[in-house]
Amino acid sequence: MLYYTLKRLGVAVLVAITVSVLSFSMIYLSGDPAVALAGEGASNEDIENVRRVYGFDQPIIVQYGSWLVQALQGNLGHSNYLKAPVASVIFERLPTTMLLGACSLAFALLLAIPLGVVAAIRPNSILDRAALSVAVVGQAMPSFWFALTLILWFGITWRLLPITGTDSWKNFIMPSMALGYYLTPAVMRLTRAGMLEVLSSDYIRTARAKGLRPMTVLFKHALRNAIIPVVSLAAVQFGFMLGGSIVIETIFAINGLGYLAWESIQRADLPMMQAIVLVLSIFYILLTFLADMLNAFLDPRIRVA
Amino acid sequence: MPEKPDSKRVLEVRRLNVEIPVPGGMLRPVQDVSLHVDRGETLCVVGESGCGKSLTSLAIMDLLPSKANRTCDEMQLSGDNVFHIGERAMSDIRGDRMSMIFQEPMTSLNPAYTIGNQLAEALQRHRKVSSDEARERAIYLLEKVGITAAASRLGQYPHQLSGGLRQRVMIAMALMCGPDLIIADEPTTALDVTIQAQILHLLADLQREFRMGMILITHDLGVVARIADRVAVMYAGQVVETGTADQIFNAPQHPYTRGLLDCIPIPGKTKRGARLGAIPGIVPSLVGHMQGCHFASRCPQLHEACKMKNIDLLPTAQSGHVCRCLLTQGSDAAARKAEGAVS
């Protein structure tokens with residue numbers, strides 16, 4: 001188990017380094033950063049000054065090194081637009097996005113796993129078809145459209161839920177549904193396929209031959225094995241949700257990381273975008289690592305690998 | 001509890017049929033199968049692949065696939081009806097009064113739980129015992145089935161054990177509640193030859209020690225000769241001959257049984273270089289209704305009458321020995337048949 005943990009941790013660190021390189025190179029995406037920083041109509045002398053002050057004249061590896069050291073110390077740069085340290089702005093917004101992501105994931109899992117199990121108990125029955133329809137609709141419907149529909153019904157027609165902001169838990173219901181529903185089909189299908197496979201396995205027959213109750217067979221013996229791939233998917237999708245919340249946060253005017261990213265793109269606030277990409281990537285890596293650990297916990301066979 | 005008059009009889013099955021709808025019609029893999037097992041007795045069910053041995057055992061356990069439909073005149077476990085009593089009542093009996101060991105030890109244990117968990121669960125489902133008591137019973141039985149360091153094995157997962165060890169665990173699991181009847185469906189097929197003998201001896205020893213009834217399903221006649229009290233030979237969904245091991249091996253009546261025994265080389269008897277016996281032809285399809293003897297298409301002693309009508313199990317000269325063949329000797333039918341065959 002220790003060996004496995006160290007191995008996965010090593011992989012995570014390697015990926016993090018790769019991501020940091022990519023994130024760093026974003027500075028050069030829009031051409032010469034010195035020209036961009038000096039602004040329009042700057043003289044060659046000014047540009048050279050900026051280049052020297054910001055260290056753009058240094059070899060690229062040195063630039064990366066000093067950037068990395070700064071980043072590790074929590075200094076992710078300075079937003080030219082907001083006139084504030086990038087890190088403090090990001091960590092102010094992060095909890096909101098995390099909360100939204102967690103609620104969406106919970107919504108998706110609570111909807112998709114029971115649907116998948118029910119569908120697998122009687123494949124090709126009406127229940128199975130119904131569950132599949134729910135999933136297909138989720139897959140086919142753009143999340144922004146679903147979000148607007150929710151606003152129209154729950155927010156405007158019936159006036160049940162607030163449309164914008166983050167004042168209370170009620171504000172999170174619609175965004176979580178909109179964001180989570182997108183994930184439902186994949187989780188539901190994976191649960192269904194996993195359950196179908198597991199339910200026809202020999203050890204389920206053994207469990208029944210022991211006289212175990214149908215519910216014990218279903219949940220203790222079948223779901224426990226069928227859920228393993230779902231855990232990996234869910235963890236990775238949680239990372240995707242942090243990024244995917246860009247649309248949903250914009251629609252519901254939620255002051256999260258996604259909304260910040262959208263604003264920064266519009267303002268061409270390069271340091272901010274760079275930092276958001278980096279932070280989200282690190283989260284993604286952490287989640288993948290967490291998924292590996294959870295998998296090892298659930299499946300004893302992985303632990304020795 | 002007062003002894004029931006027929007309490008020696010552990011299992012009584014009369015006229016069991018299994019039907020499975022398939023695209024081409026109705027598959028009848030088990031037809032008119034009657035079996036009985038007494039306390040402390042080993043019944044071996046033999047026959048080639050696809051003859052309905054495994055489905056018969058699954059039908060007795062009520063573990064058939066949901067598509068399959070079974071009918072039966074009588075199915076009693078130690079005198080109690082166990083046919084169509086509902087899943088709830090049946091699950092109370094499964095694993096408690098009758099249990100089963102499967103062919104595939106590698107995949108028959110749940111990979112996500114420890115051996116100890118899966119053993120204890122079998123007992124705790126049927127008895128009100130503490131987890132400590134269940135644990136002790138598990139250790140006791142693991143030692144009984146010849147697993148060393150039993151206590152430390154409880155924390156291990158199935159993938160950490162070899163096939164032979166896993167089958168021993170399966171046997172221990174089947175014994176957790178002290179069943180009246182144990183059904184072993186080709187328990188050694190997936191194992192090494194050296195392990196096969198060990199497992200079979202173990203099963204025979206345990207059966208004797210716990211005075212259980214045992215049904216051993218196998219296609220290995222060598223196994224049968226060593227541990228069977230009685231033998232039921234199955235062919236194409238039917239029991240074609242049943243009797244004591246001695247009767248079947250020394251005075252086989254049915255042409256199929258004789259053909260089967262001819263296929264086995266006997267050291268010292270079978271000449272070097274001589275061809276081993278083989279039964280010509282192939283097993284008939286069991287889809288739809290079949291007229292007459294199922295073995296008719298391959299039988300070397302075929303008569304006109306064999307194809308006319310279905311044949312019942314007929315008594316032979318010896319008691320307890322019955323045979324599904326018109327030529328059965330010692331019965332009235334054989335005499336009648338002999339007359340008919342002349343014409």
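**Exercise 1. Work out whether B:Ala236 counts as buried or exposed.**

Solution. Start with the count: B:Ala236 has 24 C-beta neighbours inside 10 Å, so it counts as buried. The cut-offs are these: 20 or more other C-beta atoms within 10 Å of a residue's own make it buried, 12 or fewer make it exposed, anything in between is partly exposed, and the C-beta atoms are placed from the backbone. Helices (H or I, at least four residues) and strands (E, at least two) are DSSP runs, numbered from the N terminus. Last, check the backbone: phi of B:Ala236 is near 45°, a positive value in a residue other than glycine. Most residues other than glycine have a negative phi.

A word on the model before going on. It is a predicted one, where local features need pLDDT of at least 70 and side-chain atom pairs count only at pLDDT 80 or more, while totals for chains, interfaces and linings use all residues. Residues are numbered from 1 along each chain as its sequence is written, and chains are lettered from A and ligands numbered from 1 in the order in which they are written.

**Exercise 2. Find where B:Glu186 lies and what its phi is.**

Solution. First the location: the loop between strand 8 (181-185) and helix 7 (193-209) of chain B holds B:Glu186. Then the backbone: phi is positive, about 45°, although B:Glu186 is not a glycine.

**Exercise 3. Describe chain B as a whole: which elements does it have, and how does its radius of gyration fit the globule rule?**

Solution. Begin with the elements: chain B has eleven helices and 13 strands. For the size, the rule (2.2 Å times the number of residues to the power 0.38, with the radius taken over C-alpha atoms) comes next. With 343 residues, a compact globule would have a radius of gyration near 20 Å, and the 21 Å of chain B agrees with that. Along the principal axes, the C-alpha atoms fill a box of roughly 75 × 50 × 45 Å. As for burial, 44% of the 343 residues of chain B count as buried. Contacts come last (C-beta atoms, placed from the backbone, within 7 Å): of those in chain B with a separation of 6 or more, 62% are between residues 24 or more positions apart.

**Exercise 4. Take apart the contact between the chains: how many residues does each chain give?**

Solution. Count first: chain B gives 24 residues and chain A gives 19 residues. On the chain B side, helix 2 (87-93), strand 7 (98-101) and helix 3 (115-126) each supply at least two residues. Helix 3 of chain B has the largest share, four residues. Sorted by class, the chain B side has ten nonpolar, eight polar and six charged residues. Here Ala, Val, Leu, Ile, Met, Phe, Trp, Tyr, Cys and Pro count as nonpolar, Asp, Glu, Lys and Arg as charged, and the others, Gly among them, as polar.

**Exercise 5. Describe how helix 13 of chain A packs on helix 14 of chain A.**

Solution. Take the geometry first: helix 13 (residues 257-267) and helix 14 (residues 270-298) of chain A pack at an angle of about 145°, their axes 9 Å apart. Axes are lines fitted to C-alpha atoms, for helices over the stretch in contact, and angles run from 0 to 180 degrees between N-to-C directions. Now the residues: A:Leu257, A:Leu260, A:Ala261, A:Ser264 and A:Ile265 of helix 13 meet A:Met272, A:Met273 and A:Ile276 of helix 14. By class, that contact has seven nonpolar, one polar and no charged residues. Then burial: among the buried residues of helix 13 of chain A are A:Gly258 and A:Tyr259, and the buried residues of this helix pack against helix 5 (86-121), helix 12 and helix 14 of chain A. Just past helix 13 of chain A, A:Ala268 takes a positive phi of about 55°.

**Exercise 6. Decide how exposed A:Ile246 is and list what it touches.**

Solution. Locate A:Ile246 in helix 12 (residues 228-251) of chain A. With 19 other C-beta atoms within 10 Å, A:Ile246 is partly exposed. Leaving out residues up to four places away in sequence, A:Ile246 touches A:Gly258, A:Ala261 and A:Trp262.

How values were computed
Two residues are in contact if their C-beta atoms, placed from the backbone, lie within 7 Å.
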